[in-house]
Amino acid sequence: MQQKKKDQKSESTRRTFLKSTGALAAGLSLVGRSRANPVKPETLALNGGPKAIKTPPDSLAWGRCWPLYGTAEQEAVLEIATNPWGGPDPWGRSNSIPLLEKEWKEHFKVPYVRAHCNGTAALTSMYFALDLPPGSEIIVPSYTYWASIVPMRLFGLVPVFVDINPRTLNFDLEDAKRRLTKNTKAVMTVHWIGLPCEMDHICDWAKEKGLIVLEDVAHAPGCSLKGKYTGTWGSMSMFSFQGIKPLPAGEGGMGVYQNREDCERATMFGNYDHVPSSFWKDSPYKKYGSVGVTHRIHPMAAALARCQLRGLEERHAAVVRNVRSLNDRLVQLPGLYEQAARPDMTRLYYLWNMFFIDEAEAGMSRAACVKALQAEGVRTRLFSYTLHHKLPLYAEEKWWHHKPNIPELPGSEEANRTAIPLPVFTSAVPELVDQYVKAFEKVWAHRKELA
Ligand SMILES: Cc1ncc(COP(=O)(O)O)c(C=O)c1O
């Protein structure tokens with residue numbers, strides 16, 4: 001409902017803008033041409049005209065440098081190589097790991113954390129920490145990365161696939177309400193490509209139904225909803241430091257826990273060296289030692305993650321400014337929508353700057369539009385993300401405590417039918433932004449013939 005209202009509001013803003021520029025009359029939106037003074041649009045590159053994108057596609061000129069490492073990262077890694085015995089523990093390991101955990105707690109104001117060798121390890125330890133009886137079900141989007149779902153099976157947990165909102169690519173709460181079963185014990189939310197899920201509504205509903213809330217924050221460290229960080233809404237959450245992630249450290253991950261027992265169970269499963277010495281005296285788990293595998297983070301990755309944690313939000317705010325310099329102009333085009341964010345969300349951009357086309361409103365098909373944009377030099381494609389509920393892994397009972405239900409997920413399908421991904425410009429590239437706008441403008445000006 002709220003989303004619909006927002007769509008209507010943005011639609012009326014769009015129309016107001018178009019009218020005010022006279023662009024609607026000319027069928028163009030960005031240059032303010034009027035019927036009285038029509039400008040013949042340039043020939044499409046598809047039909048032999050000049051390409052709109054002139055900048056050669058190397059990563060520097062395209063503002064696509066990531067990770068952004070500097071002398072702090074170089075020195076931190078060198079320090080470990082130079083002084084490997086500098087740590088506080090009797091085995092002589094670097095202190096970068098405990099320092100990362102300490103600084104993470106301070107930065108996000110969370111009570112318990114454990115660093116892991118990657119995000120998947122953090123997720124696996126989290127699913128162990130749930131301590132749910134085999135056959136328990138967890139609601140999770142099909143539109144996510146493997147790691148959010150697959151480790152469930154190691155503990156007899158079974159995914160209940162939920163749809164996404166095709167305009168946010170995030171957890172669709174209304175669909176989740178329809179999918180609740182008597183075995184459902186938890187919901188896993190995934191903040192996709194930097195946009196926070198509607199955690200306020202999800203948490204309210206989960207509380208009412210007695211469900212545990214988990215968060216996959218691999219794509220959204222430092223984002224927030226209503227001023228509260230992603231990864232602090234659920235009872236457990238995980239982060240990834242994989243090399244192209246928004247907080248990159250080559251590899252690595254972090255588990256965040258709101259209560260001590262969850263942290264201890266996750267540690268007991270995945271971190272031999274913490275067991276049992278670091279457990280609280282009265283911990284019921286102290287007696288066990290480890291029961292799992294070694295998921296310890298590499299000290300150099302921890303050192304890199306510490307550097308990247310500093311200035312995390314500022315670094316992403318700069319990327320957001322670059323993206324907005326493009327998106328604020330593109331969203332004026334009829335039938336072109338960006339990933340919709342609520343005004344009380346602070347997001348980042350990761351991997352794709354995702355747009356969606358409404359073919360009826362745009363007056364051309366996505367296929368024709370993408371082909372024409374590609375000819376102009378725009379880096380885009382007919383994007384379709386892997387929907388997990390359609391994979392053979394979920395169709396075969398042998399992998400699961402019981403076979404997951406394979407539903408129809410129209411929102412996920414719609415996202416795959418309408419998405420137009422653009423690159424995320426990680427540094428300011430005003431000329432390239434102008435060229436991108438020009439490319440879209442040309443294609444939209446020719447949309448009747450493309451139709
Ligand atoms: C949404 C999501 N969750 C979890 C992971 C797993 O993180 P890692 O690669 O660090 O194991 C990824 C990695 O791409 C991801 O995209």
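Visitor: So which residues are closest to the ligand?
Guide: This is a predicted model. In it, 14 residues surround the ligand, and the closest are G119, T120, Y145, A218 and S240.

Visitor: What is the shell like by class?
Guide: Around the ligand there are four nonpolar, nine polar and one charged residues.

Visitor: Switching to the sheet. What's the strand order?
Guide: The order is β1-β9-β8-β5-β4-β2-β3, an open sheet of seven strands with mixed pairing. At the edges are β1 (112–116) and β3 (158–162), each pairing on one side only. On average, neighbouring strands are turned by 20° against each other, direction ignored.

Visitor: How do β1 and β9 pair, parallel or antiparallel?
Guide: Antiparallel, over five bridges, with β9 spanning residues 253–257. A115 has M254 in β9 as its bridge partner.

Visitor: Which strands does α8 touch?
Guide: Helix α8 (residues 260–270) touches β1, β8 (236–240) and β9, and its direction makes about 20° with that of β1. Helix α4 (residues 96–108) lies across β1 and β9, at about 135° to β1.

Visitor: Now α3 and α9. At what angle do their axes cross?
Guide: At roughly 150°, with the axes of α3 (residues 71–82) and α9 (residues 299–309) coming within 9 Å. Angles over 145 degrees count as roughly antiparallel, so α3 is roughly antiparallel to α9. The crossing is right-handed.

Visitor: Which residues meet there?
Guide: From α3, A72, E73, A76, V77 and I80; from α9, P299, M300, A303, L304, R306 and C307. By class, that contact has nine nonpolar, no polar and two charged residues.

Methods: Residues numbered from 1 in each chain as written. Predicted model: local features only at pLDDT ≥ 70, side-chain atom pairs only at ≥ 80, totals over all residues. Axes fitted to C-alpha atoms, helices over the stretch in contact; angles between N-to-C directions. Helix = DSSP H or I, 4+ residues; strand = E, 2+ residues; numbered from the N terminus. Parallel < 35°, antiparallel > 145°, perpendicular 65-115°, else oblique. Left-handed = near helix turned anticlockwise from the far one by under 90°. Contact = placed C-beta atoms within 7 Å. Nonpolar A, V, L, I, M, F, W, Y, C, P; charged D, E, K, R; others polar. Near = placed C-beta within 6 Å. Pairing = 2+ DSSP bridges.
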